[in-house]
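Hi,

Have a look at it first, and then read on.

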Amino acid sequence: MSISRRRMLGVSAGFALMSVAGARIALADVEATDKFIMKFTGGKKPETGKITLTAPEIAENGNTVPVSVKVESAMTDGDLVESVLLVADGNPNPDVATFHFTAMSGTAAATTRMRLAKTQNVIAVAKMADGSVFMDKKEVKVTIGGCGG
Amino acid sequence: MAAKSKPRIKVPKEAKAGEVISLKTLISHEMESGQRKDKDGNVIPRKIINKFACEFNGAPVFSCDIDPAISANPYFEFTAKVSESGTFKFTWTDDDGSVYTDEHEITVN
């Protein structure tokens with residue numbers, strides 16, 4: 001894939017200069033995605049557990065890939081999920097969606113359909129009302145990329 | 001030339017107090033990501049639904065900040081725990097400022 005089609009993410013100048021193999025660009029995207037996650041968590045490194053991300057192993061059509069998140073939580077005061085961030089580390093931009101829950105949600109679970117430009121990791125990060133953060137990650141293999149190209 | 005954005009909602013008409021119900025929401029919308037180019041090589045500008053919100057009797061239940069990586073005809077499935085009868089209100093906000101809404105009533109026993 002030619003580099004010009006990718007929006008240069010505002011990472012460090014070093015990465016911006018890289019125009020070589022795809023592997024280098026993939027790294028830049030993973031870095032950008034990590035930065036994005038840190039911004040959401042306020043610098044806290046997420047632990048694993050509590051949140052489950054469900055995504056297909058192989059997506060036949062990158063234009064519409066079903067993904068679900070579910071966070072174990074009573075969803076009452078004292079045990080509440082505030083939001084869940086969904087990102088993808090190989091898309092032109094990492095952000096996909098942010099779900100906001102309330103006690104009236106009943107459960108902290110949501111399903112949507114997303115676009116994946118190519119095989120990559122989809123990551124879900126849950127931020128609890130008490131400030132703790134959890135994440136889950138799944139690799140999705142994409143046969144036909146979904147970015148209109 | 002823009003097709004009217006049509007919402008489709010699936011929500012139960014009845015529920016027991018305290019029951020967790022499932023809601024399925026869909027709205028027709030191209031969700032132009034801003035990544036595509038037209039045949040002359042010009043970028044087709046981004047135009048997406050950037051926010052979806054669900055309220056029950058005026059109180060927030062669930063909402064979603066939406067980015068261009070969400071597929072066309074954005075679909076969201078989520079849950080709600082209702083303790084009284086009332087009205088669900090659904091709101092979708094377009095980049096261009098348009099707001100689409102839909103409402104569904106539910107009877108809670």
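**Salt bridges**

Over all chains, the structure holds seven salt bridges, a salt bridge being a side-chain nitrogen of Lys or Arg within 4 Å of a carboxyl oxygen of Asp or Glu. Before the details, a word on conventions: this is a predicted model, in which local features need pLDDT of at least 70 and side-chain atom pairs count only at pLDDT 80 or more, while totals for chains, interfaces and linings use all residues. Residues are numbered from 1 along each chain as its sequence is written, chains are lettered from A and ligands numbered from 1 in the order in which they are written, and side-chain values use heavy atoms, with hydrogens and water left out.

Arg46(B) sits in the loop between strands E3 (19-27) and E4 (49-56) of chain B, and Asp95(B) in the loop between strands E7 (86-94) and E8 (99-108) of chain B, so the pair ties together parts that are 49 residues apart in sequence. (Helices, H or I of at least four residues, and strands, E of at least two, are DSSP runs numbered from the N terminus.) Arg46(B) has a relative accessibility of 39% and counts as partly exposed; Asp95(B), at 31%, is partly exposed too. For these labels, buried means under 20% relative accessible area, exposed over 50%, and partly exposed in between, with a 1.4 Å probe and protein chains only.

Asp65(B) and Lys51(B) also meet through their side chains in a salt bridge, at 3.1 Å from N to O. This pair links distant parts of the chain, with Asp65(B) in strand E5 (residues 59-66) of chain B and Lys51(B) in strand E4 of chain B, 14 residues apart. Asp65(B) is partly exposed at 27%, and Lys51(B) is partly exposed at 32%.

Glu32(B) bridges to Arg36(B), with the closest N and O atoms 2.8 Å apart. Here Glu32(B) is buried, at 8% relative accessible area, whereas Arg36(B) is partly exposed at 35%. There is also a network of salt bridges that links Lys47(B), Asp94(B) and Asp96(B).

**Where the chains meet**

How many salt bridges does the rule find across the interface of chain A and chain B? The count there is zero. Polar contacts are another matter: 23 residue pairs between chain A and chain B make them, both residues being at pLDDT 80 or more. A polar contact is a pair of N or O atoms within 3.5 Å; within protein, one must be able to donate a hydrogen and the other to accept it, and residues adjacent in sequence count only if both atoms are side-chain atoms.

On the side of chain A that touches chain B, strands E6 (95-101) and E7 (108-114) of chain A each supply at least two residues. E6(A) gives the largest share of that side, seven residues. In total, 28 residues of chain A are in contact with 30 residues of chain B, contact meaning heavy atoms within 4.5 Å.

The area buried between chain A and chain B is about 2,300 Å², with 48% of it from carbon and sulfur atoms. Buried area is the accessible area (1.4 Å probe) that two parts lose on being put together, summed over both. Met104(A), Arg113(A) and Arg115(A) supply 31% of what chain A buries against chain B, more than any other three residues.

Chain A has two helices and nine strands, and 47% of its 149 residues count as buried.

The largest nonpolar core has 57 residues, and Val84(A), Phe99(A) and Phe88(B) touch the most other members. A nonpolar core is a set of buried Ala, Val, Leu, Ile, Met, Phe, Trp, Tyr and Cys residues joined through side-chain atoms within 4.5 Å. A second, separate core of seven residues includes Ile37(A), Phe40(A), Val125(A) and Met135(A).

Finally, Thr33(A) lies in helix H2 (residues 22-41) of chain A and is buried at 1% relative accessible area. The side chain of Thr33(A) reaches the backbone oxygen of Asp29(A) at 2.7 Å.

Best wishes
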